[in-house]
Amino acid sequence: MKTILLIEDDAWLGELYSDVLRAAGFAVVHALDGQTGIEKLDETPIDLIILDLLLSGHNGIGVLHELRSYPDLAEIPVIIQSNLEPERSGLHRDAWHAYGVVEYIFKVDARPQELVRAASRIIGAPHETV
């Protein structure tokens, strides 16, 4: 089973996204902040990270920097799902790829099912083996 790390500080949205992804067949590990998300990467093999940028404490950009500093984590693809417009994130669009970002979903325009479609495109169907 493919495992997704969801780093989302809004508990209600985190549960909603987790439920939708689990219903589609993915395993989901939910972290309410960036530091906890980084720690969860030591506990569980992760196939994909869905990351909000607007996090308290260790924000999403900090999480991206930290992920890329560990060779064993640097290859995990990242979907950004945020209410922060890409232009206001502090990273130029051309830099997203260098940080492993394979898709940027603007939350206010997206439905939870879009996460399932994006995850399936990036890491394959939920029950495929790697």
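What follows is a short chat about the chain as a whole and then two of its residues.

Reply: Happy to. This is a predicted model, so local features need pLDDT of at least 70 and side-chain atom pairs count only at pLDDT 80 or more, while totals for chains, interfaces and linings use all residues. Residues are numbered from 1 along each chain as its sequence is written, and side-chain values use heavy atoms, leaving out hydrogens and water.

Me: In what order do the elements of the chain run from the N terminus on?
Reply: The chain has five helices and five strands. Helices here are DSSP runs of H or I with at least four residues, and strands are runs of E with at least two, numbered from the N terminus. Starting at the N terminus, the order is β-α-β-α-β-α-β-α-β-α.

Me: What radius of gyration does the chain have?
Reply: That value is taken over C-alpha atoms, and the globule rule is 2.2 Å times the number of residues to the power 0.38. For 130 residues, a compact globule would come out near 14 Å, and the chain agrees with that at 13 Å.

Me: Is Asp52 buried or exposed?
Reply: Asp52 sits in the loop between strand 3 (48–51) and helix 3 (60–69). Buried means under 20% relative accessible area, exposed means over 50%, and partly exposed is in between, with a 1.4 Å probe and protein chains only. Asp52 has 4%, so it counts as buried.

Me: Which residue's backbone nitrogen does the side chain of Asp52 reach?
Reply: A polar contact is a pair of N or O atoms within 3.5 Å; within protein, one must be able to donate a hydrogen and the other to accept it, and residues adjacent in sequence count only if both atoms are side-chain atoms. Here the distance is 3.2 Å, and the backbone nitrogen belongs to Leu54.

Me: Where is Asn83, and how exposed is it?
Reply: Look at the loop between strand 4 (78–82) and helix 4 (93–96), where Asn83 has its place. Its relative accessible area is 40%, so Asn83 is partly exposed.

Me: Which residues is Asn83 in contact with, leaving aside neighbours within four places in sequence?
Reply: Contact means heavy atoms within 4.5 Å. A polar atom of the Asn83 side chain lies 3.4 Å from the backbone nitrogen of Val108. With those sequence neighbours left aside, the contacts of Asn83 are Phe106, Lys107 and Val108.
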